[in-house]
Each structure stands twice: as C-alpha cells, then as structure tokens.
Amino acid sequence: MKEVAVIGAGVAGLYSSLELLKRDYKVTLIEAREAVGGMARSITDGGFIFDVGSHVIHTNSPKYREFVSGLLGNDLLEKNITAKSYFEGKYHNFPPIMGDIFDFPKKKALKILLSLSLGRINQFRGKKRSFEEQLIFLGGRDLYETYFEGYTAKFWGVSPKDLSSEWVPRRVLPRFSGRSALANEWQAYPKHGGIETLSKRMAELIEKKGGVIHTQTRLKEVQSKGGKAVGITAETPKGDENIPCDSIISTIPLPQLFKILGKKFEIGYRSMIFVFLKVKGGEILPDTTICFFPSSKLPFTRLYEMPKYSPFTCPEGYTSLGVEIPCFYRDRVWNTDENEMCGNVTSALANERIISEEKLVGCLVRREQYAYPIPTFNYYERIESERSAIGLSNLFIAGRMGYFQYLDMCDAMESGERAAIEVEQSFRK
Ligand SMILES: Cc1cc2nc3c(=O)[nH]c(=O)nc-3n(C[C@H](O)[C@H](O)[C@H](O)COP(=O)(O)OP(=O)(O)OC[C@H]3O[C@@H](n4cnc5c(N)ncnc54)[C@H](O)[C@@H]3O)c2cc1C
C-alpha cells in the first residue's frame, strides 16, 4: 500500500486525506498545532466561542454542499450573511443600492451618480487594469473613494494602484450589482462548536477510515532522493521522528515550505490580528452579520457578531464581537501587546458609540501570521513560476496559503481533492 504524508490539518489537508483514503492509500496527517482546523479554528473561553476571522461555509457546488450537509447533519444551520459599511458615524447598506446614494448630502450624491456614469464610459480597453482602475471603471471615482479606496489600502497594506484586478470578478463584482458577494451561493454554519466543528468532523471521519492524525507535530525536513521525496522528519513533543512516504501533500504556507526546502520565496503576504470582545446585552451590529470599516482612522477593517452565525456561540444575555485588524508580520501593530490592543479597539469602538465600555466583560487576542497572499500586479504569473520551483516530482501543494491563492474553505477542499488526484496520477506513471 502506497503511503502519503499530508502536512497541515486545515480543511485542505483534511479533505485531501479523505480523498486519499477513498483511493486506498495509507495516510499520515501531521499538524503543528494542538488541534485540527487551521485558519478555520474556533476559540472557546468561558462559555463564548469565537471563530478566528468571520467564517461561513459557502459554495455553488452541489458536491461540497452535500458533503458539508452530510458531515454536519442536524448541526447544520443554513445562513444568509448580511453586510453593512460604517463611515462618517453611520451604518450604510453594503453593497449600496441606488436609493442609498441619496442618504449622502445632495452634492456628494450627484457626484457619485455622475462618476458612476463617467466611470462606465471611461473604459481602459485592451489594457491590464490595476485594482483601482478596474473599480473606477466599474463604479466611478466617487463610489470607489467612498467605499473601496480606504478599505482596500488598509486591508492589503499596499496601494490599490499596485494590486492586480484579477480578483475583482469573484470578490468585488457582485457588490456592484447591489448584492452581497455571497448572495448567489449556498451558505452554512455549524450550530454548535463554531466553524472548527467542520474540521473536527472531517478528522473523526479520517480516523474512522484508518487514517492517522498527529497533532503537535511539525514538518521539519523533507528527505529526497533523485528529485523525489522519500520521507519527512517531524518535530513531535517526544523528539524528532522520521516518517517514510511515497508522496507528500503540503498545505502549510508556501513561504514556510520553501524555507524547509532551503529555497527563497519572494511574494508577500498579509497577517491578521483578531480581537474578541465579550459584551453584556443584545445585538450590537444593527440588522447585519458583518460590518466593514473603510476609514483609515479606525484600526480595524471588519467586525462580526458571533451569535448571528449561531446563537450557541454565546451565553444568554450576552453578545460577542470579532474584530479583524490586518497587519504585516512583526510590524508595530503585530507586536502590540494584548492589553494595549484590547484597549485600542474598545476605545475606538466606544468613541464611535458602537459599544459602551461598561458592558465589556472580557477581551482576547489571537494572531494569524499567514492570512492572505497579496495579489500585487503580475501576482498570477509570479506565483506560477514560484510554484514550479519546488522541484520534487511527488510533492504536491494544496490549500489557501499552501497553494498561495485567495481561497475560501470549499475552494481549499477542492484544491485538496486536486492534489489527491495528482498523487494518484503520479503513481500511475
Ligand atoms: C479573516 C478570514 C476570514 C475568512 N472567512 C472565510 C469565510 O467566510 N468562508 C470561507 O469559506 N473561508 C474563509 N476564510 C478562508 C479559510 O479560512 C481558508 O480558506 C481555509 O481555512 C484554508 O484552509 P487550508 O487547509 O488551506 O489552510 P490552513 O487552515 O492554514 O491549514 C494549514 C495547516 O498547516 C499547519 N501547519 C503550518 N506549518 C506546519 C508545519 N511545519 N508542520 C505541520 N503543520 C503545519 C497549520 O497549523 C494549519 O493548521 C477566511 C480566512 C480568513 C483569514
């Protein structure tokens, strides 16, 4: 029986393990953290459950819908995530609909309408557009400046002029038609346990089917011979362990894999800090699940209210907020200590009258080093050439930071399946 080592137990590694077991391979899945789930993990603290980042399962594919439905069974909640945008002291519909534009002072409303029309006329035909050019083309400069410019710069930490427009169709385009980015997709969330329940259920299935999962086990080295991987060395709580294998699927962040392989990786990524607030009382975000904050004066880009995903994430009489703060790894924001970070966020929210500080009963901070690959100009060509430099014919990659592409959970699962198929094809050669 051929043996495959899968590295990383986020949704991509878990799903690829299930696909490998379906094909009768022996699977050893190793995970550096104490539990499975990766980026889609949940923190439980004093009766509150927080997801590390706002997470809802969404897909257009009947296959993944069926898989998730089967996995969660009675624990499945079908969802319709709604969004608003907050600026100038007010919540605004997001995406805006025509009528919302007249909420602005008359002069600004007219400017937005005019620039919306001019934007459409002013086409940059034949030219590869930057993110900024593409958005101005679609919605005009005023709409872009009001809703997207500040948010995009804060989110990515680079100017929207330097970002590629290639991710606009999926992520941003639906918003210009007045619908939320996920409006056309099936959306779901686990009733109990937070988003991590999805991964826990996959892990149970893997073990039931004979796969082996080692947590607190970190990939340290890949042994190779003649351009092929023949085994891995893993750091475990009991010391280093050698695991022989016939093939590898890696879902760990590509920059980290390159470091282990002794290679350079040049494309940037964005990190994120999550502040979790426990708050006495009812709803905070009015009629919305998530809210975007384009203003550069506020340190966060997005807030999400956990009981809106599932009421079982919070004790009765309380609500809870997740706050997302993008940054670069080890920059000043990343290095801010937990107390100061909680203080900064709560006072910014209190100044905006979004929460009152007396109702706050607790605050936690978590950090994710590898959150988003930055899609700068020419990113797509550059990443292709980076991926091809791995140089081991039986080492395949999958997952969001593993494949280094802006993938969501069902996309990450799909990439895990693709890697399992690549393993199978390589054995047939
Ligand atoms: C803020 C935010 C919001 C999001 N919202 C949504 C959403 O609403 N809907 C959605 O579908 N998706 C969402 N996503 C995306 C989703 O989280 C990812 O697509 C998905 O979790 C990626 O899974 P993965 O398995 O590819 O990667 P990961 O979950 O990152 O898994 C990689 C695993 O490898 C482990 N690892 C790292 N190094 C080593 C090593 N050396 N040895 C062993 N193990 C190692 C890590 O600990 C990790 O568990 C969001 C992401 C973020 C950051």
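At what angle do H1 and helix H8 pack, and how far apart are their axes? In this predicted model, local features need pLDDT of at least 70 and side-chain atom pairs count only at pLDDT 80 or more, while totals for chains, interfaces and linings use all residues. Residues are numbered from 1 along each chain as its sequence is written.

H1 packs against H8 (residues 196-208) at about 25°, and the axes lie 10 Å apart. Axes here are lines fitted to C-alpha atoms, for helices over the stretch in contact, with angles from 0 to 180 degrees between N-to-C directions. Helices (H or I, at least four residues) and strands (E, at least two) are DSSP runs, numbered from the N terminus. The angle makes H1 roughly parallel to H8, a label for angles under 35 degrees. Residues of H1, including Val11, Leu14 and Leu18, meet residues of H8, among them Leu198, Met202 and Ile206; contact requires C-beta atoms, placed from the backbone, within 7 Å.

Turning to the sheet, 7 strands form an open, mixed arrangement in the order S8-S7-S16-S17-S18-S15-S19. Two strands pair if DSSP finds at least two bridges between them. Strand S8 (90-93) and S19 stand at the edges with a single partner strand each, so one side of each is left without a neighbour in the sheet. From one strand to the next, the twist averages 25°. Helix H10 (residues 338-351) packs on this sheet, touching strand S15 (269-280), strand S18 (318-327) and S19, and its direction makes about 100° with that of S19. Within the sheet, strand S7 (residues 83-87) and strand S16 (residues 290-292) pair in the parallel sense over 3 bridges, and Ala83 stands opposite Ile290 in S16.

Note on methods
Angles under 35 degrees count as roughly parallel, over 145 as roughly antiparallel, 65 to 115 as roughly perpendicular and the rest as oblique. Two residues are in contact if their C-beta atoms, placed from the backbone, lie within 7 Å.
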